[in-house]
Amino acid sequence: MNIHEYQAKDLLKAYGAPVAKGVVAETAEQAIELAKELNGDIFVVKAQIHAGGRGKGGGIKLVNTIEEMHAETDRMLGKPLVTPQTGPKGRVVRSVYVVEDTTIARELYLSLLVDRATGRVAFVASTEGGVNIEEVAAETPEKITTIDMDPASGLSGFHGRVIADALELKGDLAKQCGKLIKTLYTLFIEKDASLIEINPLVVTKEDTLVCLDAKIGFEDNALFRHPDIEALRDIHEEDPAEVEASKHDLSYVKLDGNIGCMVNGAGLAMATMDIIKYYGAEPANFLDVGGGATKEKVTSAFKLILSDPNVKGVLVNIFGGIMRCDTIAEGIIAAAKETNIAVPLVVRLEGTNVERGKELLSKSGLAIIPADDLDDAAKKAVAAIGAG
């Protein structure tokens, strides 16, 4: 789960990290009123959406007057903001973050994440802040320092010194860096974060470190331990289909393809998507109904797949262990009849009660294309939509 920048800044501040003072507003008039709480006459207005590249899309503006603040907040609020990460439709801006201007001497990059290669928490630091870290990694990898944390020993002062050196920070700035490293690590562990990214981390002209921008993500499966974090969720920033899936305890991720997939088990779902691509088509979604789904849950999953207008065919791939094939069949039949399915439907069933499941499907009166195994199912699904 991701949160907005202003929420991330509030969390960082609560843990003692240095952030510029700011206020959140939902109207231009509110922004002007709340900005009276801030110091100075120059402010930065930042559109609040869950996507990077806001500056490139016109979502971050420096303003020098009240008139400029009103004009920029009015321009942003209620309008879609298109960035390199939003896609062409963009995302609607529902609030803006007005922040005191910061005098910048240098821009750095600092993040804390789970390194999938090592299975450890790692710090990533670079002197090239304020730009896409992916470009830095590709073009000048020597400018990036990555330090894994040993889960047995955890964080020590040594890590802070190494990161300060990587960021070319000396003296008091190095001490500030060491303190910030400890703060970020504590927040990351205590709140079950998956990512904390400070880009840029700036050195001000007064020789202080300030987290100028912040992005924080959390592990969804740990949210039950953190109701305060879960309360920060903004469903407007999530795909409506994924929000609906969460109501039915379904693991669903929308993709850009045209073959809808309903599978039980994450590994089998990944294999199903891979083989669809192998035969020349693209999966429209990842959808895992789980091992103990009910008829009602299967019906909800089927409706969810068909709600995507890009879906031109559906592939159901079930290996019945805990999940019974006849339960899957009953859910498919109920959903297909209720939605008046008008796209090809390929079903591969194997495992517990498979013969009963196949019998139910064959007697349903639906135009179902049966498949013997996963390879056969993928071929038939791709052929049915005319791809490959």
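**Exercise 1. Classify residue E168 by its accessibility and describe its setting in this predicted model.**

Solution. 
Step 1. The relative accessible area of E168 is 52%. Exposed means over 50%, and therefore E168 counts as exposed.
Step 2. As to its place, E168 belongs to the loop between α5 (157–166) and α6 (171–190).
Step 3. The backbone of E168 has a positive phi of about 60 degrees, although E168 is not a glycine. For comparison, most residues other than glycine have a negative phi.

**Exercise 2. Determine where N353 is found, and whether N353 is buried, partly exposed or exposed.**

Solution. 
Step 1. N353 is found in the loop between β17 (345–351) and α12 (354–362).
Step 2. The relative accessibility of N353 is 36%. Buried requires a value under 20% and exposed a value over 50%, so N353 counts as partly exposed.
Step 3. N353 is not a glycine, yet its phi is positive, at about 60 degrees.

**Exercise 3. Identify the form of the peptide bond from N199 to P200 and the element that holds P200.**

Solution. 
Step 1. Omega for the bond from N199 to P200 is near 10 degrees, and the bond is cis.
Step 2. P200 is placed in strand β10, which covers residues 193–204.

**Exercise 4. Explain why S111 counts as buried, and list its contacts.**

Solution. 
Step 1. S111 has its place in strand β7 (residues 104–115).
Step 2. Its relative accessibility is 1%. Because buried means under 20%, S111 counts as buried.
Step 3. When neighbours within four places in sequence are left aside, S111 is in contact with A122, F123, V124, I196 and E197.
Step 4. The side chains of S111 and Y109 are joined by a polar contact of 3.3 Å.

**Exercise 5. Describe the surroundings of E128 and the distance from E128 to K13.**

Solution. 
Step 1. E128 lies in the loop between β8 (120–126) and α4 (133–139).
Step 2. With a relative accessibility of 29%, E128 counts as partly exposed.
Step 3. Residues up to four places away in sequence are not counted here; beyond them, E128 touches E107, Y109, V136 and K143.
Step 4. A polar contact of 3.3 Å links the side chain of E128 to that of T127.
Step 5. E128 and K13 are 115 residues apart along the chain, and their C-alpha atoms are separated by 24 Å.

**Exercise 6. Characterise the second largest pocket by its volume and its lining.**

Solution. 
Step 1. The volume of the second largest pocket is about 710 Å³.
Step 2. The pocket is lined by 21 residues, of which T86, K89, G90, D239 and P240 are the closest to its centre.
Step 3. The elements that give two or more residues to this lining are β5 (91–92), α8 (240–247) and β13 (251–254). The largest share, 3 residues, comes from α8.
Step 4. Sorted by class, the lining has 7 nonpolar, 5 polar and 9 charged residues.

**Exercise 7. Summarise the chain as a whole: its elements, its extent and its buried share.**

Solution. 
Step 1. The chain has 13 helices and 18 strands.
Step 2. Along the principal axes, its C-alpha atoms fill a box of roughly 75 × 50 × 40 Å.
Step 3. The chain has 388 residues, and 47% of them count as buried.
Step 4. The accessible surface comes to about 18,600 Å², and 51% of this surface belongs to carbon and sulfur atoms.
Step 5. Among contacts between residues at least 6 apart in sequence, 68% join residues at least 24 apart.

Note on methods
Residues are numbered from 1 along each chain as its sequence is written. This is a predicted model: local features need pLDDT of at least 70, side-chain atom pairs count only at pLDDT 80 or more; totals for chains, interfaces and linings use all residues. Side-chain values use heavy atoms; hydrogens and water are left out. On a 1 Å grid over the protein atoms alone, a cavity is a set of points where a 1.4 Å probe fits but cannot get out, and a pocket is an open set with protein on both sides within 12 Å along at least five of seven lines; lining residues have an atom within 4 Å of a point. Grid points are joined across faces, edges and corners, and a volume is the space filled by probe spheres set on the points. Helices (H or I, at least four residues) and strands (E, at least two) are DSSP runs, numbered from the N terminus. Ala, Val, Leu, Ile, Met, Phe, Trp, Tyr, Cys and Pro count as nonpolar, Asp, Glu, Lys and Arg as charged, and the others, Gly among them, as polar. Buried means under 20% relative accessible area, exposed over 50%, partly exposed in between (1.4 Å probe, protein chains only). A polar contact is a pair of N or O atoms within 3.5 Å; within protein, one must be able to donate a hydrogen and the other to accept it, and residues adjacent in sequence count only if both atoms are side-chain atoms. Contact means heavy atoms within 4.5 Å. Accessible areas come from the Shrake-Rupley method with a 1.4 Å probe; for residues, only the protein chains shown count as cover.
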